[in-house]
Amino acid sequence: MERLGERLGERSAARLAAVLRHLSPRPAAAPAPVSIPTSAQVSVVPQSGRFCYTLDNDLLTTEQRQFYEDNGYLLIKNLVSDEDIERFRKEFWRICRREVKPPGIMIMKDESLRSQFGQSENVVNKVQDFQEDEELFRYCTLPEVLKYVECFTGPNIMAMHTMLINKLPDSDKQTFLHPMHQDLHYFPFRPASRIVCAWTAMERAHQDNGCLVVQPGTHRTALKPHGYPECEGKTNKLFHGLLDEDEKTPKVHLVMEKGDTVFFHPLLIHGSGINRTSGFRKSISCHFASSECHYIDVKNTTQEHLEKELQEMVCKKYDATSVELKDIWNFRARLVQGERINL
């Protein structure tokens with residue numbers, strides 16, 4: 001860890017140390033409150049009766065709240081500026097070219113091309129856990145994004161999971177089809193109603209280049225069993241999908257312009273198709289949660305096999321012998337607004 005400290009700096013090394021703890025779990029004191037200004041626009045108590053999935057606020061209209069209540073997602077047009085998106089795009093290119101190497105970042109490549117090409121935009125399909133990359137993490141702190149996030153989480157906001165997706169042109173083997181799934185499958189914290197994803201299109205997303213597909217209203221269902229799909233070709237790591245998908249449930253393709261942002265519930269069933277064009281389809285996203293959420297034990301649940309897979313990946317990446325799931329999430333999580341309470 002001393003060598004890691006020299007390379008990463010004290011702050012990053014301290015965060016990484018949490019992931020690499022080899023001690024048995026033991027009770028820990030509650031973290032000291034950390035305060036970041038809030039907009040003070042949102043009540044932390046959900047309105048009883050009509051709305052279960054949004055909090056009282058001065059931003060969303062009654063119609064917008066009702067749409068999210070009924071469908072589990074809300075699309076806001078032209079939310080993120082072209083200037084910010086181009087800055088994110090340039091940072092992605094720098095990461096692909098290895099000009100920057102943010103600590104803790106996970107760079108995922110097309111399994112079918114891994115042995116043929118070096119690391120480039122033509123191979124990298126996802127940059128995940130970019131919480132230590134100052135330029136990409138700016139997305140998670142944009143005031144125009146956080147003011148909407150606060151309507152779902154309340155004023156104390158943690159950025160929990162970050163991704164930049166680069167959906168590559170695909171083949172008939174459907175390497176980059178992300179099967180229908182629920183994001184809560186990946187998260188060991190609750191309650192689900194205080195978690196929301198912000199997903200921003202970095203160029204026009206449509207059915208031909210693999211836009212998001214959602215099943216409206218499925219956020220009202222329970223968390224379902226997930227696993228790897230049975231399909232031809234190689235499956236990319238952690239691209240889990242529903243094991244028993246109801247094909248009769250209506251689907252909506254979310255056609256989005258550059259800068260459009262969709263906010264959606266972690267139980268909403270969604271996915272994305274393959275990219276049938278010759279270009280790339282990029283998006284940047286973050287899952288936010290109220291810092292008042294709490295961790296759960298996923299042992300003996302449908303999420304247990306995911307815990308083991310994630311632990312194996314982290315141990316291999318950092319040459320560790322064991323790691324706790326909560327420690328992995330403690331490393332990923334960063335406070336972006338308000339006070340840090342539980343997470």
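Trainee: Which residues form one aromatic cluster?

Mentor: This is a predicted model, in which local features need pLDDT of at least 70, side-chain atom pairs count only at pLDDT 80 or more, and totals for chains, interfaces and linings use all residues. Residues are numbered from 1 along each chain as its sequence is written, and side-chain values use heavy atoms, with hydrogens and water left out. Rings of Phe, Tyr and Trp (its six-membered ring) pair if their centres lie within 6.5 Å; planes under 30 degrees apart count as stacked, over 60 as edge-to-face and the rest as tilted. One aromatic cluster is formed by Tyr68, Tyr148, Phe152 and Phe263.

Trainee: How many aromatic pairs does the structure hold, and what is the angle between the planes of Tyr68 and Phe152?

Mentor: The structure holds nine aromatic pairs. Among them is the tilted pair of Tyr68 and Phe152, at 4.6 Å centre to centre. The angle between the planes of Tyr68 and Phe152 is 45°.

Trainee: How many residues apart are Tyr68 and Phe152, and which helices hold them?

Mentor: The pair links distant parts of the chain, with its residues 84 apart. Helices (H or I, at least four residues) and strands (E, at least two) are DSSP runs, numbered from the N terminus. Tyr68 belongs to helix 3 (residues 62-71), and Phe152 to helix 6 (residues 143-153).

Trainee: Are Tyr68 and Phe152 buried or exposed?

Mentor: Buried means under 20% relative accessible area, exposed over 50%, partly exposed in between (1.4 Å probe, protein chains only). By this criterion, both Tyr68 and Phe152 are buried.

Trainee: What kind of aromatic pair do Phe189 and Tyr295 form?

Mentor: The ring centres of Phe189 and Tyr295 are 6.2 Å apart. With 90° between the planes, the pair is edge-to-face.

Trainee: Why does the pair of Phe189 and Tyr295 tie together separate parts of the sequence, and how many residues apart are they?

Mentor: Both Phe189 and Tyr295 are buried. Because Phe189 lies in strand 7 (residues 189-190) and Tyr295 in strand 16 (residues 294-295), the pair ties together parts whose separation in sequence is 106 residues.

Trainee: Which residues of helix 8 are buried?

Mentor: Six of the eight residues of helix 8 are buried, so this helix is largely enclosed by the rest of the structure. The buried residues are Leu325, Asp327, Ile328, Trp329, Phe331 and Arg332.

Trainee: Over which rings do Arg332 and Arg334 lie?

Mentor: A charge sits over a ring if NZ of Lys or CZ of Arg is within 6 Å of the ring centre and within 35 degrees of the ring normal. Arg332 is 4.5 Å from the centre of the ring whose face it lies over, that of Trp329. The charged end of Arg334, at 4.3 Å from the ring centre, sits over Phe137.

Trainee: Which residues does Thr162 contact beyond its neighbours within four places in sequence?

Mentor: Thr162 lies in strand 5 (residues 157-167), and it is buried, with a relative accessible area of 3%. Contact means heavy atoms within 4.5 Å. Leaving aside those sequence neighbours, the contacts of Thr162 are Val127, Gln128, Asp129, Phe130, Gln131, Phe137, Cys140, Ser285 and Cys286.

Trainee: Which residues does Glu91 contact, leaving aside its neighbours within four places in sequence?

Mentor: Glu91 is part of helix 4 (residues 82-96). The relative accessible area of Glu91 is 6%, so this residue is buried. Apart from those neighbours, Glu91 is in contact with Val100, Asp133, Glu135 and Leu136.
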